[in-house]
Amino acid sequence: MFVLRPLLLLLLPLCPGPGPGPGSEAKVTRSCAETRQVLGARGYSLNLIPPALISGEHLRVCPQEYTCCSSETEQRLIRETEATFRSLVEDSGSFLVHTLAARHRKFDDNPDPGGCPSLCAGPGDWKKCGQRSA
């Protein structure tokens, strides 16, 4: 969930919130000024962000109601999110691979790390290590 927090914070300004329904007195802003400001600060071209709400029925990730997210903005958000996710997975995976390799090397150097002292007489006695004595 912590990985997706930046994406959620980025997508929140794109959602104008629920529109006025029957019996609702909610005021819906038709401006995308806040979204343009947030995405502009992230390096997005303001030409990609509509100045007012548009229908999002053609979008896959952004809200499919009235939104400040254009198709081009959505595609760029998808690419950035995929790149961020891949980077985080590769970093985590790399740490895991290096940790397991280091522990494997340590075990190869000393097959008796304290788990079965009476059964592992030495490096050549692999098969007895971990087996119960009869």
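Okay, so by a nonpolar core I mean a set of buried Ala, Val, Leu, Ile, Met, Phe, Trp, Tyr and Cys residues joined through side-chain atoms within 4.5 Å. This is a predicted model, and its largest nonpolar core has seven residues: Leu39, Tyr44, Ile49, Leu59, Cys62, Cys69 and Leu77.

Take Leu59 from that set. Leaving out residues up to four places away in sequence, Leu59 touches Gln64, Thr67, Cys69, Ser70, Ser71 and Glu74.

Now, Thr73. It sits in helix H3, residues 71–109, and it's buried, with a relative accessible area of 0%. Its side chain makes a polar contact with the side chain of Ser70, at 2.9 Å. With residues up to four places away set aside, Thr73 touches Leu39, Tyr44, Leu48 and Ile49.

On to the charges. We get two salt bridges. Arg42 and Glu80 pair through their side chains at 3.6 Å, N to O. Arg42 is in the loop between helix H2 (33–41) and strand E1 (54–55), while Glu80 is in helix H3, so this pair ties together parts that are 38 residues apart in sequence. Arg76 and Glu80 also form a salt bridge, at 3.2 Å, N to O; those two are four residues apart in helix H3, so about one helical turn separates them. Put together, Arg42, Arg76 and Glu80 are linked in a network. As for accessibility, Arg42 is partly exposed at 46%, Glu80 is partly exposed at 24%, and Arg76 is partly exposed at 22%.

Last thing, confidence. Mean pLDDT for the protein chain is 74, with 59% of residues reaching 70 or more. Over residues 18–27 it's below 50, and that stretch has four contacts in the model beyond near neighbours in sequence.

Methods:
Residues are numbered from 1 along each chain as its sequence is written. This is a predicted model: local features need pLDDT of at least 70, side-chain atom pairs count only at pLDDT 80 or more; totals for chains, interfaces and linings use all residues. Side-chain values use heavy atoms; hydrogens and water are left out. Buried means under 20% relative accessible area, exposed over 50%, partly exposed in between (1.4 Å probe, protein chains only). Contact means heavy atoms within 4.5 Å. pLDDT is the predictor's confidence in each residue, from 0 to 100. A polar contact is a pair of N or O atoms within 3.5 Å; within protein, one must be able to donate a hydrogen and the other to accept it, and residues adjacent in sequence count only if both atoms are side-chain atoms. A salt bridge is a side-chain nitrogen of Lys or Arg within 4 Å of a carboxyl oxygen of Asp or Glu.
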